[in-house]
Amino acid sequence: MTVAAMTAAATLSAQSYRAVSPDGMTYVEVSQDNGKVVYTAGLRQVNSTDTVDVPMVLQSPLGIITSAGTWTSGLTLTDKSHGATSGRYTLRQGKQSTIDYNASKLIVTLKNQQGKSIDMEFFVSSNNVAFRYNIPEQGETAAIVVEEEATGFRLPADATAFICPQSDAQIGWKRTKPSYEEYYIWDEPITTLSQYGHGWTFPCLFHESDNGWVLISETGLTSDYCGSHLSDVTDGNLFTIAFPLEGENNGFGSTAAQMGLPNSTPWRTITMGKTLKPIVETTITWDVVEQLYEPSQEYKGSRNTWSWILWQDASINYNDQVTFINLAADLGWEGCLIDGGWLTNIGRERMEQLFDYCQQKGVAPWVWYNSNGGWNDAPQCAKQCMHNPIVRKQEMRWLQQHGVKGIKVDFFGGDKQETIRLYEAILSDANDYGIQVIFHGCTLPRGWERMYPNYCSSEAVLASENLYFSQGFCELEARHACLHPFVRNTVASMEYGGTALQKRLHREPGKGNTRRTSDIFELATAIAFQSSGQNFALTPRNLTEQPKFEIDFMKAVPTTWDETRYIDGYPGKYIVLARRHADKWYVVAMNADGQPRKIQFDMPEFASKTVTLMHDGKDGQTPTSTRTKLDRRGRVAVTLKPQCAAVVTE
């Protein structure tokens, strides 16, 4: 079969349809099996005599249950349309700034025993399959509730997983979970049961032995649906789509999804690769979604100082915030985040004075808010400012009048549709006032970088604050840092709040937990972790305690990227990653193993050039910066001690 013939969907039989990516190497096949609709997805492998299918997602169920009808059994399957699609779009923040996509599209119709029909839409590009349910009006029924999905992902029995458990509802500090802040399992059998028995949060990475890697997630989530996750595995190594827990959002709101028709579910995405390169570099999260409104202004990346991460609650006072505004000005950074407690400790009148001071120093203020309406007990102020549209707009008008460029909104209530509506409402209102938004204590963003132009970033990960709270987390920092570029950060921006250069993580010298990673490792996280708004953990002490080259690097580090390139690595062990901003490349190599690791790679853009190589010295404890002339291949070779790193720039 020629590549041209494979680029379009092909009918295999009266009840089986197939779509193959334009390059001929990725496929999805949809078929009817005893009244049920199933699919397989995989890669195609060229051998000496033929091109063969290598299934990565084995035969898995499709289907959906709604108040207007059930499409899980007794189904007939017919072809509706197939063809090709392509396009180009720009992404203000993400792995690439300009993205071209080429894909095959397949739409099939599922008709149930009552004669009612819905469509399934498939998008197949190189290494990616995405699909969703398109639901038309059902006769006179124009509003439905989606009660359940039968959508599943069956994996080989020997697959291993890098996945994060979905927590119980209303547990944790002040009943603030679930917030996607649990510990991952790493390279464990897919039959491992989740910690709380509720399955696994997106994204989910799986290793299928010699076949390669599979990343499963979802995208295109709006206020028309709830957030989903994967169930625990059931018989036959099957994961299925699971809806929110009853107790989320303090028990308020449905666990199902309310939709006006016609409408579509979020996209389910599958990225597959023989190596990890397609996993790390995928853009499928954004390829299948559209921008939902126009930006009210040109939004830009921001590097922010942030007192709370190491100086904690007591630092949310007028004088300490002046100190961190000055630090931002000294570093040449764009912003300063004023964290929770400002309304009580500083008050609105003195906050306005801080805003004026920011303007004098050329620093944009960002302000923290508690999202809380009635879903948890988080006490930090400012509360009751974001959940109500009338109060929210008044608040945002005040922020706009005083030059505030961004807000960080914390402590959300889970994945119910009620909560997703709040995310969207905050984003939409903030855009009206020219304000960017970071979410914290929150769900995974699903395509939001493209959908909402003033969206900045989300935490949705066990992040840097845990370095302050737990020495055990410090012991695992390197391992987490070498995991997230393969899983959490590959599908969405991640507001981690990293690059802590103090060895003791406390305001006072000699106190607090001890950081185990090297200085250069911390610098490398500023490149490895992608977010257009970065709240870094630098403090005024760093200006005098760290070598000048470290501070100079942080003064210049970008937060937006034009290109991302995976070079080498293994989740949780090590990562070699390159990113380009404008015409400048940054390459980081990070080692989380307990043993030294020799890293060697060619970077053609560095060929025959003199580059800056930052590393931790032969002892792993002496931060060093040297200028090095590379050969005609741009070859870099370094040996990294455990929890150490190297950074290479032009």
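Analyst: Contact here means that heavy atoms lie within 4.5 Å. The model is predicted, so local features need a pLDDT of at least 70 and side-chain atom pairs a pLDDT of 80 or more, whereas totals for chains, interfaces and linings use all residues. Residues are numbered from 1 along each chain as its sequence is written, and side-chain values use heavy atoms, without hydrogens or water.

Among contacts in the protein chain between residues at least 6 apart in sequence, 70% join residues at least 24 apart. The chain has 16 helices and 39 strands, taken as DSSP runs (H or I of at least four residues for helices, E of at least two for strands) and numbered from the N terminus. Its radius of gyration, 25 Å, agrees with the value near 26 Å that a compact globule of 650 residues would have, the rule being 2.2 Å times the number of residues to the power 0.38, taken over C-alpha atoms. Along its principal axes the C-alpha trace spans about 75 × 60 × 40 Å, and 61% of the 650 residues are buried, that is, under 20% relative accessible area with a 1.4 Å probe and protein chains only (over 50% is exposed, in between partly exposed).

An α-helix has 3.6 residues a turn, so residues three or four places apart point the same way.

For comparison with a strand, β35 (residues 597-602) has a covered face made of R597, I599 and F601, while K598, Q600 and D602 form its uncovered face. In a regular strand the side chains alternate between the two faces of the sheet. Strand β35 runs antiparallel to β38 (residues 635-640), to which six bridges join it, and in β38 the bridge partner of Q600 is A637.

Definitions and conventions:
Two strands pair if DSSP finds at least two bridges between them.
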